[in-house]
Amino acid sequence: MKRIILFVLTNVLVVAVLGIVASLLGVNRYLTPNGLNLGSLLGFALVMGFGGAIISLLISKPMAKWTSGVRIINQPQNSDEAWIVETVRKLAEKAGIGMPEVGIFEGDPNAFATGAFKNSALVAVSTGLLQGMTHEEIEAVIAHEIAHVANGDMVTMTLIQGVMNTFVVFLSRVIGYAVDSFLRKGDERSSGPGIGYMITTIVLDIVLGFAAAIVVAWFSRHREFRADAGSAQLMGRRQPMINALARLGGMAPGELPKSVAAFGIAGGVGQLFATHPPIEERIAALQAAQS
């Protein structure tokens, strides 16, 4: 319940902030008595599309800590925590990035990386992962998350999401205006957007939003193969990552908050909307690279 309430409140605040920004820039007045101002509409679409994605990226670390209940390891309390911190440090140095924050969260097997910048990221692993895997397999999973950070995946995903959001906002309003104009053709008494514009825009925001989500999910799946290969490169061999994936395939992977789900070691279900490829495909890709 806490995650749902926080998710809703965050989105409400983001929309409110973007609305204020659009108003200050004057790009929210794209509907004029003379028709649709495409320049203003494009500006509005860019503010709403990229603004939301960038804000989500900037607050990704505190949101991840709060929603997942991540406990940051500032001072290791036992040998396992000391090993995790040292493993992250070693892999981060090898990948050429700054030392990330390291955290642990309660839950089923999973791990994730997030953060707006390569040199100040967060890498977190679950208690279920620590209890269910060997040290070598855990190291491979951590290397996978470090590869996400080194590849700049968080920023890239934000840019792709921003482009998709911009297209959705722009196209839905252009088509909505065209539909409304057609329905009200010959009616010279009314002015401003009508019911046709409002209904069409709402419907297309939803339909095009789903289409955009498919594109983003496709890229996310492609990016997982790169992170698997990055883990193998950081480890010096592919077998540890193969073993980790095989073991993960026999577990029930933990669910992550939506804000960081795309950067976990295991993802959701559904072929078109899945952020992660099937584990057997990831193992096959690593095995094929060995031959």
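A residue counts as buried under 20% relative accessible area, as exposed over 50% and as partly exposed in between, with a 1.4 Å probe and protein chains only. By this criterion, 45% of the 291 residues of the protein are buried. The structure is a predicted model, in which local features need pLDDT of at least 70 and side-chain atom pairs count only at pLDDT 80 or more, while totals for chains, interfaces and linings use all residues. Residues are numbered from 1 along each chain as its sequence is written, and side-chain values use heavy atoms, with hydrogens and water left out.

**Overall architecture**

- The protein has 10 helices and 6 strands; these are DSSP runs numbered from the N terminus, with helices (H or I) of at least four residues and strands (E) of at least two.
- Among contacts with a separation of 6 or more, 70% are between residues 24 or more positions apart, where contact means heavy atoms within 4.5 Å.

- Strands of a sheet pair through backbone hydrogen bonds, either parallel or antiparallel.
- An open sheet of 4 strands has the order 3-4-6-5, with mixed pairing; two strands are taken to pair if DSSP finds at least two bridges between them.
- Strand 3 (71-72) and strand 5 stand at the edges with a single partner strand each, so one side of each has no neighbour in the sheet.
- Strand 3 and strand 4 are antiparallel and joined by 2 bridges, with Arg71 opposite Ile104 in strand 4.
- Strand 5 (residues 111-114) is antiparallel to strand 6 and is joined to it by 4 bridges; Ala111 stands opposite Val125 in strand 6.

- In strand 6 (residues 122-126), 5 of the 5 residues are buried, so the strand is largely enclosed by the rest of the structure.
- In a regular strand the side chains alternate between the two faces of the sheet.
- From strand 6, Leu122, Ala124 and Ser126 point one way and Val123 and Val125 the other way, and all are buried.

- Helix 4 (residues 79-95) lies across strand 3, strand 4 and strand 6, and runs at about 140° to strand 4.
- Axes are lines fitted to C-alpha atoms, for helices over the stretch in contact, and angles run from 0 to 180 degrees between N-to-C directions.

**Packing of helix 6 and helix 8**

- Two packed helices are described by the angle between their axes and the distance between the axes.
- Helix 6 (residues 135-150) and helix 8 (residues 195-235) pack at about 120°, with their axes 7 Å apart.
- This makes helix 6 oblique to helix 8, since angles under 35 degrees count as roughly parallel, over 145 as roughly antiparallel, 65 to 115 as roughly perpendicular and the rest as oblique.
- The crossing of helix 6 and helix 8 is right-handed; a crossing is right-handed if the near helix is turned clockwise from the far one by less than a right angle, and left-handed if anticlockwise.
- Residues of helix 6 including Glu136, Ala140 and His144 meet residues of helix 8 that include Arg223, Ala227 and Leu234.

- Thr200 lies in helix 8 and is buried at 15% relative accessibility.
- Beyond residues up to four places away in sequence, Thr200 touches Ile175, Gly176 and Val179.
- Arg221, also found in helix 8, is buried with a relative accessible area of 16%.
- Beyond residues up to four places away in sequence, Arg221 touches Gln271, Leu272, Phe273, Ala274, Thr275, His276 and Pro277.
- The C-alpha atoms of Arg221 and Leu272 are separated by 9.9 Å, although the two residues are 51 apart along the chain.

**Aromatic pairs**

- The structure holds 2 aromatic pairs; rings of Phe, Tyr and Trp (its six-membered ring) pair if their centres lie within 6.5 Å, and planes under 30 degrees apart count as stacked, over 60 as edge-to-face and the rest as tilted.
- Tyr30 and Phe44 form a tilted pair, 5.1 Å centre to centre with 45° between the planes.
- Tyr30 lies in the loop between helix 1 (2-25) and strand 1 (31-32) and Phe44 in helix 2 (residues 38-58), so the pair ties together parts that are 14 residues apart in sequence.
- Tyr30 is buried at a relative accessible area of 9%, and Phe44 is buried at 11%.
- Phe105 and Phe112 form a tilted pair, 5.5 Å centre to centre with 40° between the planes, and both residues are buried.
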